[in-house]
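Please have the sequence and the structure at hand while reading.

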Amino acid sequence: LPAHFEIIYITHEPKHFLSMTDRELQLKAIHLRRKTLEAIFGAGAGHTGGGLSCLDILNVLYNRILNVSPENFSSPTRDRYVQSKGHSVEALYAVLADRGFFPESELKTICHYKSYFVGHPTRHIPGIEMNTGALGHGLPICIGMALAGKMDSAPYRVFTLLGDGELAEGSNWEAALAASHYKLDNLIAIIDHNTLQITGHTRDVMSNKPLDEKWRAFGWAVKVVNGHDYAQLTDVLSKPVEIGKPTCIIANTIKGRGVSFMENVAKWHHGVPSDAELKQALAELFAAEAKLKEVA
Amino acid sequence: MSAPVPSMFTPAAKAMAEKLALKMGRANLDEFAATLEELAKVDPNIVAVTSDSRGSGKLAPFGKALPKQIVEVGIAEQNLVGITAGLAACGKKSFGVSPACFLTARSLEQIKNDVCYSDVPAVLVGISAGLSYGALGTTHHSLHDLAALRAIHNISIIVPADNFETREAIRFAATAKKPVFVRFGKAAMFNLHKSETKFETGKAIQLRDGNDVAFIATGETVVHALLAAGKLAEQGLNCRVISMHTVKPLDAEIILRAGRECRAVVTVEEHMVHGGLGEACAAVLMNAGAHPLFKIVGIPDEDTVTGAQPDIFRHYGISMEGLSELALKMIK
């Protein structure tokens with residue numbers, strides 16, 4: 001630890017502001033998946049597979065973990081979330097609309113002429129912290145944010161979501177060094193480990209194995225979880241895994257999760273559903289919703 | 001035998017500087033470091049970010065005096081810009097300080113997206129800019145940075161000519177609400193300005209009036225234009241000298257006035273002739289229908305000649321002698 005940071009290093013206990021049950025979150029996830037698919041269909045473009053794979057993570061973050069709301073978004077002590085895998089923006093827009101940052105009807109304008117809703121996150125949209133979309137940018141930005149928090153002894157935490165294919169960008173590893181060097185235990189990097197990228201399997205395009213050992217070797221506290229399991233996600237996101245270390249959460253996910261014909265199929269990386277495919281996908285999600293309600 | 005260290009100024013140029021009562025100051029790099037430290041002592045929100053560049057950025061005293069306000073990222077310029085942007089997004093007045101050659105090439109995407117597109121008030125300081133590293137070669141030259149950043153929306157580009165302009169540029173940057181890029185070299189600079197001169201970003205400073213040839217120069221080439229104007233005066237020509245310290249936004253008004261009032265316009269820059277000050281001035285003139293005799297002096301599109309910074313300057317005519325000769329040829 002650089003000596004000059006010692007006196008200002010404080011690890012704050014995170015405060016959580018919403019308490020939804022797992023079942024409520026699961027129901028919400030189905031609604032958000034529908035909204036994501038409708039948004040991509042309406043835009044005629046988007047990243048379907050990755051949006052559906054990270055949706056449960058976003059759902060937990062925004063409804064259980066992040067101290068972020070439309071009311072406190074200008075507060076310097078709010079938690080920060082930067083979506084490094086900016087291409088999965090439709091899922092983020094759906095979650096932000098659900099949290100009241102803007103009306104859900106705005107989702108219909110994504111990618112349309114003169115819309116503020118660009119196909120990657122921009123700060124024009126309430127709830128978005130930084131403009132992302134080129135890969136390998138989120139983690140360095142978040143280190144700056146986390147350092148600022150440590151310097152100010154501010155209680156906020158900083159979260160970023162990376163794709164596993166994105167990890168081939170070298171800037172991530174520059175940042176991985178710096179985060180542990182500065183012992184940023186207020187920083188949480190979540191990897192949406194869906195194992196697919198546009199060309200095919202990540203292991204074939206550019207293998208990242210052993211992923212957990214890599215992050216550990218870079219000085220991070222690492223947890224591997226099921227990225228669709230609310231209890232597991234909540235547990236690891238609630239507090240630093242280890243004081244004095246940044247946290248890396250490898251969230252094992254399924255690309256296209258929730259729609260049978262999209263799951264684990266690389267072409268849905270940025271495939272846009274046809275009328276019939278959208279209809280089928282929505283029908284599957286309505287059926288899942290009915291089943292979940294029935295079980296309850 | 002080691003290579004001789006050449007002087008930037010010939011004996012004749014030194015004599016002209018004396019005649020014009022120019023006093024030698026310190027390197028703009030030193031002026032920058034002292035100004036930043038002075039400002040940071042008053043404003044604890046100011047943070048310097050370095051990429052193993054604390055020494056070359058003359059920020060070691062800053063680091064000693066204000067250890068909580070400096071972040072070292074190691075040799076990782078992409079990370080430097082991303083971290084600088086993240087700090088700025090969380091209320092810090094962050095200055096990312098790194099050699100201009102690396103800062104504006106390796107990290108160009110971070111500058112474009114994390115700083116400019118995200119619109120955070122970060123400051124990027126390109127040290128040892130242009131040809132400062134001289135014989136170290138093209139890897140260490142930044143002759144592309146003005147062109148690259150001019151093509152990116154939402155960043156001011158300041159290239160100070162002397163200590164005064166450097167100090168004022170850093171003061172401006174420290175309060176700017178938008179992204180700023182400042183670049184300068186490491187050689188000692190003549191002080192060019194009178195004490196009552198005012199500095200305003202986007203407003204060039206006219207150092208000398210005249211209607212024969214207008215030299216519009218930026219950064220550390222301005223002094224050579226001023227000396228050339230002095231030499232040309234001895235031959236009966238009245239030349240205008242403009243220090244275009246802000247390359248973006250450009251002071252179009254002063255360029256047009258020069259284009260309309262002078263017989264010829266010569267632009268001078270420590271940058272490749274493509275995409276820098278010269279082409280920016282040409283666009284202003286052409287768009288307004290002004291067509292003076294016009295020449296761009298800079299580094300041509302070729303393998304840059306080997307040599308120390310003064311060697312390279314002289315080789316490409318960035319000197320009192322080179323500029324005065326060119327001006328004479330143009331209006332003969």
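## A buried threonine in chain A

Thr48(A) belongs to helix α2 (residues 48-65) of chain A. Helices (H or I, at least four residues) and strands (E, at least two) are DSSP runs, numbered from the N terminus. Because its relative accessibility is 0%, Thr48(A) counts as buried. The term buried stands for under 20% relative accessible area, exposed for over 50%, and partly exposed for what lies in between (1.4 Å probe, protein chains only).

A polar atom of the side chain of Thr48(A) lies 2.5 Å from the backbone oxygen of Gly271(A). A polar contact is a pair of N or O atoms within 3.5 Å; within protein, one must be able to donate a hydrogen and the other to accept it, and residues adjacent in sequence count only if both atoms are side-chain atoms. Contact in general means heavy atoms within 4.5 Å. Apart from neighbours within four places in sequence, Thr48(A) is in contact with residues including Leu37(A), Ile40(A), Met262(A), Trp268(A) and Pro273(A).

## Basis of the model

The model is predicted: local features need pLDDT of at least 70, side-chain atom pairs count only at pLDDT 80 or more, and totals for chains, interfaces and linings use all residues. Residues are numbered from 1 along each chain as its sequence is written, chains are lettered from A and ligands numbered from 1 in the order in which they are written, and side-chain values use heavy atoms, with hydrogens and water left out.

## The sheet and a helix of chain A

Chain A has an open sheet of 5 strands in the order β1-β2-β3-β7-β6, with parallel pairing. Its edge strands are β1 (80-83) and β6 (221-226), each of which pairs on one side only. From one strand to the next, the twist averages 20 degrees. Two strands pair if DSSP finds at least two bridges between them. Strand β6(A) runs parallel to strand β7 (residues 247-252) of chain A, and 6 bridges join them. Opposite Lys223(A) stands Ile249(A) in β7(A).

Helix α8 (residues 230-237) of chain A has the buried residues Tyr230(A), Leu233(A), Thr234(A), Val236(A) and Leu237(A). Among the elements that cover them are α1 (22-43), α2, β6 and β7 of chain A. The N-terminal end of α8(A) is capped by Asp229(A), with a side-chain oxygen 3.0 Å from the backbone nitrogen of Ala231(A).

## The seven-stranded sheet of chain B

In chain B, an open sheet of 7 strands has the order β3-β2-β4-β5-β7-β6-β12, and its pairing is mixed. Strands β3 (70-72) and β12 (246-248) of chain B stand at the edges with a single partner strand each, so one side of each has no neighbour in the sheet. The twist from one strand to the next averages 20 degrees. Within chain B, strand β4 (residues 93-99) and strand β5 (residues 123-127) pair in the parallel sense over 5 bridges. Phe95(B) has Val123(B) in β5(B) as its bridge partner.

Strand β10 (residues 213-217) of chain B is mostly covered, with 5 of its 5 residues buried. Val213(B), Phe215(B) and Ala217(B) point one way from β10(B), while Ala214(B) and Ile216(B) point the other way. Strand β10(B) runs parallel to strand β11 (residues 239-243) of chain B, joined by 5 bridges; Ile216(B) is bridged to Ile242(B) in β11(B).

Strand β10(B) also pairs with β13(B) in the parallel sense over 5 bridges, and Val213(B) has Ala264(B) as its bridge partner there. Strand β13 (residues 264-272) of chain B is mostly covered, 8 of its 9 residues being buried. With strand β14 (residues 293-299) of chain B, β13(B) pairs in the parallel sense over 6 bridges. Ala264(B) has Leu293(B) in β14(B) as its bridge partner.

## A helix of chain B

Helix α4 (residues 77-89) of chain B has 13 residues and should span 18 Å at 1.5 Å a residue, which agrees with its end C-alpha atoms being 18 Å apart. The expected span is 1.5 Å times one less than the number of residues. Helix α4(B) is mostly covered, with 13 of its 13 residues buried. After α4(B) comes Gly91(B), whose phi is positive, near 95 degrees.

Methods: Axes fitted to C-alpha atoms, helices over the stretch in contact; angles between N-to-C directions.
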